[in-house]
Amino acid sequence: DGEVHINELRNGNTEMFWNPTSEVRRQRLKRHIVLFEEQTDFESERLWQHVTSAINKGDQHKATQEKFVLEEEQRNAARERRESGTEWKPLLFQHDAGTNEWRYKYEDLRPWDPLNDIAQFEKDGILQTMERHLSSRMSNHKATCINNQITRHKRSAKDCRRRKTSDQPSNHSQNTESSCSTPESVQELSDDDGKYLGFESLCAQCGKEMNHLKEIHSAVLSLQKAQQDIHR
């Protein structure tokens, strides 16, 4: 948060290495933490609160005392578990026998997908990623629109045939032209079929989602160009 300088001991020169200006501060990511009153007893901020308070006050002796008290409580708890035969089962970590290391259970090592991933957050110690899923939402919504139009279309065709039967009962009159020219059965509809039946576009929601995808694509291209400029 402050200036960092490089001091050259041989000639006494000092060089500015880092200066977090107001512009740099504005670009920093916002820090999200769990409220202190909502933290459990074993979360670091609550667990080490007295040590942290002593350090902030510059009382190194008090900080050492609080650290000793905390670690002694942990050693006693571990001793009681051994004596009672109680196995300690970590909630968020698991032991890797191959590397002999503890690993976070919910680690997410996949590459970030800027088109689908919106934000990554932690809830109850579990790392989660909020995803957009626009493409699947659009395809599902488009299928729903088409199915609804097919249903309305079939209903219209049945009504038309019913009117033809009731209004013109004779076989001869049924062969005459009817004002209803709708096909009697529709198996599948493609985009072109929709235009043929008078559905020039699906619905406003589909168009909105499509425009949203175009905006995202344009934004990604802009970000990629900015990254290339930064690398140069």
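1. The protein contains eight helices and six strands, where helices (H or I, at least four residues) and strands (E, at least two) are DSSP runs numbered from the N terminus. Along the sequence, these elements follow the pattern β-β-α-α-α-α-β-β-β-β-α-α-α-α.

2. This is a predicted model, in which local features need pLDDT of at least 70 and side-chain atom pairs count only at pLDDT 80 or more, while totals for chains, interfaces and linings use all residues. Residues are numbered from 1 along each chain as its sequence is written, and side-chain values use heavy atoms, with hydrogens and water left out.

3. Of the 232 residues in the protein, 13% are buried (under 20% relative accessible area, with a 1.4 Å probe and protein chains only). The accessible surface, computed by the Shrake-Rupley method with a 1.4 Å probe, comes to about 19,500 Å², and carbon and sulfur atoms contribute 51% of that surface.

4. Among contacts (heavy atoms within 4.5 Å) with a separation of 6 or more, 29% are between residues 24 or more positions apart.

5. Two aromatic pairs are present; rings of Phe, Tyr and Trp (its six-membered ring) pair if their centres lie within 6.5 Å. Y104 and Y106 form an edge-to-face pair (planes over 60 degrees apart), with 5.9 Å centre to centre and 70° between the planes. Ring pairs join F93, Y104 and Y106 into a cluster. Y106 is partly exposed, at a relative accessible area of 33% (the class between 20% and 50%).

6. The charged end of R46 lies over the ring of F36, 4.5 Å from its centre; this requires NZ of Lys or CZ of Arg within 6 Å of the ring centre and within 35 degrees of the ring normal.

Conventions. Rings of Phe, Tyr and Trp (its six-membered ring) pair if their centres lie within 6.5 Å; planes under 30 degrees apart count as stacked, over 60 as edge-to-face and the rest as tilted.
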